[in-house]
Amino acid sequence: MLITNATLITWGVPNQILENHALYIEGDRIVALGPSSELQAKYPQAEVLDARGQYVMPGNICAHTHFYGAFARGMAIPGDAPKDFPEILERLWWRLDKALTLEDVRYSALVCLIDAVKHGTTTLIDHHASPNAIEGSLDVIAEAVQQAGLRACLCYEVTDRDGDEKAKAGIAENLRFLKSQISNPHSQIAATFGLHASLTLSDATLEACRATHDANDYGFHIHAAEHEADQYDSLKKGGTRVIDRLHKFGILGERSIVAHAVHIDHREAELLGETGTWVTHQPRSNMNNAVGAAEVEGLLRMGVKVGLGNDGFSNSMWDEWKAAYLSHKAARRDPRRMSGATVAEMAVTNNAALAGVFFPQAPIGVLAPGAFADIIFVYYRPTTPLTADNLPWHILFGFENSMVTTTICAGKMLMKDRQLLFLDEVEITARSRELAKRVWARFQA
Ligand SMILES: [Zn+2]
């Protein structure tokens with residue numbers, strides 16, 4: 001496929017904006033970039049897709065999400081509003097996830113994936129929980145991802161909060177899915193090993209998880225220090241802080257993801273840097289749960305690799321960009337905090353490198369020959385000069401997620417001119433409403 005008449009945003013190093021350019025795709029890869037006339041002469045037989053001057057850029061990447069949370073939208077929590085994050089966990093998430101069946105898991109993934117296609121998010125790293133439907137849950141999500149045509153890394157969040165049997169079942173589900181990906185790999189599905197959070201994991205369970213594999217093999221994906229409660233719990237359990245505890249149990253490493261890290265101290269930050277562990281930042285979630293603002297600028301300055309996730313909020317990553325940009329200024333009362341370039345460093349550069357950990361076959365998040373053809377078209381008519389240097393601020397103050405008109409993942413067109421080509425939004429959302437009603441009834445029971 002030859003995409004012509006495009007203004008390419010490469011997100012390469014250095015980032016380039018190339019007007020009236022074309023992009024030639026073969027299979028799931030980008031083969032060539034060049035002026036439209038040049039590539040049209042070079043590939044005269046290619047099927048042509050006229051971008052009509054739109055911006056054409058790499059699809060967005062989400063470094064940490066929860067498809068299973070989709071049915072929480074609009075749901076009422078009985079009683080007074082939860083007063084803090086531990087209460088939100090107990091009264092919302094740990095009741096919602098218990099109410100999910102495998103069909104709910106499928107449809108909550110599908111509705112998130114529709115959202116992702118429509119808003120140009122092509123790679124997602126999910127963290128799943130459904131304590132009453134553990135076995136096979138990752139297969140169900142993988143099927144939904146394949147149906148959607150997107151790219152995702154999956155895991156099941158092991159926890160002791162529902163007893164020993166379910167902790168063992170969570171470990172087994174991670175292992176089963178990891179093995180199935182090794183024996184029967186799919187180029188758009190990857191796996192890692194999920195853990196809920198230090199505060200719901202005993203020493204014995206952490207040891208059992210670590211015994212299944214080395215962190216350098218498949219990594220671990222865990223929430224850490226999202227709220228002070230995680231630190232209090234860790235100190236009580238073994239006299240160490242959370243990141244020290246995870247380090248002691250061999251959970252950290254270059255393939256491991258620590259989500260949040262809001263309440264860590266300097267030595268814990270050093271440990272994350274020394275071990276090459278990934279940190280993901282979710283500012284909308286942090287604000288919603290009132291857990292505080294993570295010191296991600298400091299982490300980045302220390303060389304810690306910080307990416308941007310959405311923690312189950314809408315899969316429109318530019319909304320997360322905006323939340324990051326604004327929330328740190330508000331939290332510190334300092335307009336110099338969290339520049340657009342820093343947001344882009346997390347959301348573009350670091351998210352692409354993190355995606356590359358799980359999908360090493362080809363570069364992701366860049367328009368370059370040999371890279372995966374994960375591409376979006378953006379209908380944006382800038383009213384002021386737009387350059388490679390000021391692009392992050394155009395994204396923050398000008399781009400809207402509704403401007404995404406076409407989404408391509410692995411060379412396959414998933415949405416064209418805002419029409420979804422593979423997912424039946426009417427059918428999926430109708431079924432989702434029926435299922436969510438039943439989930440809400442079980443939640444309230
Ligand atoms: Zn999360």
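Contact here means heavy atoms within 4.5 Å. With that in mind, helix 5 (residues 164-183) lies across strand 8 (151-154) and strand 9. Helix 5 runs at about 135 degrees to strand 9, taken between N-to-C directions. The model is predicted.

**Sheet 6-7-8-9**

- Four strands make up an open sheet in the order 6-7-8-9, and their pairing is parallel.
- The edges are strand 6 (60-65) and strand 9 (189-191), each of which pairs on one side only.
- On average, neighbouring strands of this sheet are turned by 15 degrees against each other, direction ignored.
- Strand 6 and strand 7 (residues 121-126) run parallel and are joined by 4 bridges.
- Which residue of strand 7 is the bridge partner of C62? The partner is L124.

**Sheet 10-11-12-13-14**

- Another open sheet has 5 strands, in the order 10-11-12-13-14, with parallel pairing.
- Its edge strands are strand 10 (193-197) and strand 14 (305-308), and each pairs on one side only.
- Neighbouring strands here are turned by 25 degrees against each other on average, direction ignored.
- Strand 11 (residues 220-224) runs parallel to strand 12 (residues 257-260), and 4 bridges join them.
- Within strand 12, I257 stands opposite H221.

**Helix 14**

- Helix 14 lies across strand 12, strand 13 (278-281) and strand 14.
- Against strand 14, helix 14 runs at about 100 degrees.
- Helix 14 covers residues 340-358, a stretch of 19 residues.
- At 1.5 Å a residue, helix 14 should span 27 Å. The expected span is 1.5 Å times one less than the number of residues. The end C-alpha atoms of helix 14 are 27 Å apart, so the two values agree.
- Helix 14 also has a kink of about 35 degrees, centred on N351.
- Of the 19 residues in helix 14, 14 are buried, so this helix is mostly covered by the under 20% relative accessible area cut-off.

**Salt bridges: K98 and D162**

- The structure holds 31 salt bridges.
- One of them joins the side chains of K98 and D162, at 3.1 Å from N to O.
- Is D162 buried or exposed? D162 is buried, because its relative accessible area is 18% and the cut-off is under 20%.
- K98 is partly exposed, at 34% relative accessible area.
- Both residues belong to a network of salt bridges that links D97, K98, E157, R161 and D162.

- Side chains of opposite charge can pair when their charged atoms come close.
- E295 and R332 form a salt bridge, and their closest N and O atoms are 3.6 Å apart.
- This pair also links distant parts of the chain, 37 residues apart. E295 is in the loop between helix 11 (283-288) and helix 12 (296-301), and R332 is in helix 13 (residues 317-332).
- E295 is partly exposed, with a relative accessible area of 43%. R332 is partly exposed too, at 23%.
- D334 and R336 form a salt bridge whose closest N and O atoms are 3.0 Å apart.
- D334 is buried, with 16% relative accessible area, whereas R336 is exposed, with 72%.

**Two individual residues**

- E297 is in helix 12. At 17% relative accessibility, E297 counts as buried.
- Which residues does E297 touch, not counting residues up to four places away in sequence? E297 touches R337, M338 and T342.
- R438 is in helix 16 (residues 425-444). R438 is partly exposed, at 44% relative accessible area.
- R438 and A99 are 339 residues apart in sequence. In space, their C-alpha atoms are 8.8 Å apart.

Terms used. Residues are numbered from 1 along each chain as its sequence is written. This is a predicted model: local features need pLDDT of at least 70, side-chain atom pairs count only at pLDDT 80 or more; totals for chains, interfaces and linings use all residues. Side-chain values use heavy atoms; hydrogens and water are left out. Helices (H or I, at least four residues) and strands (E, at least two) are DSSP runs, numbered from the N terminus. The bend at a residue is the angle between axes fitted to the seven residues ending there and the seven starting there. Buried means under 20% relative accessible area, exposed over 50%, partly exposed in between (1.4 Å probe, protein chains only). Two strands pair if DSSP finds at least two bridges between them. Axes are lines fitted to C-alpha atoms, for helices over the stretch in contact, and angles run from 0 to 180 degrees between N-to-C directions. A salt bridge is a side-chain nitrogen of Lys or Arg within 4 Å of a carboxyl oxygen of Asp or Glu.
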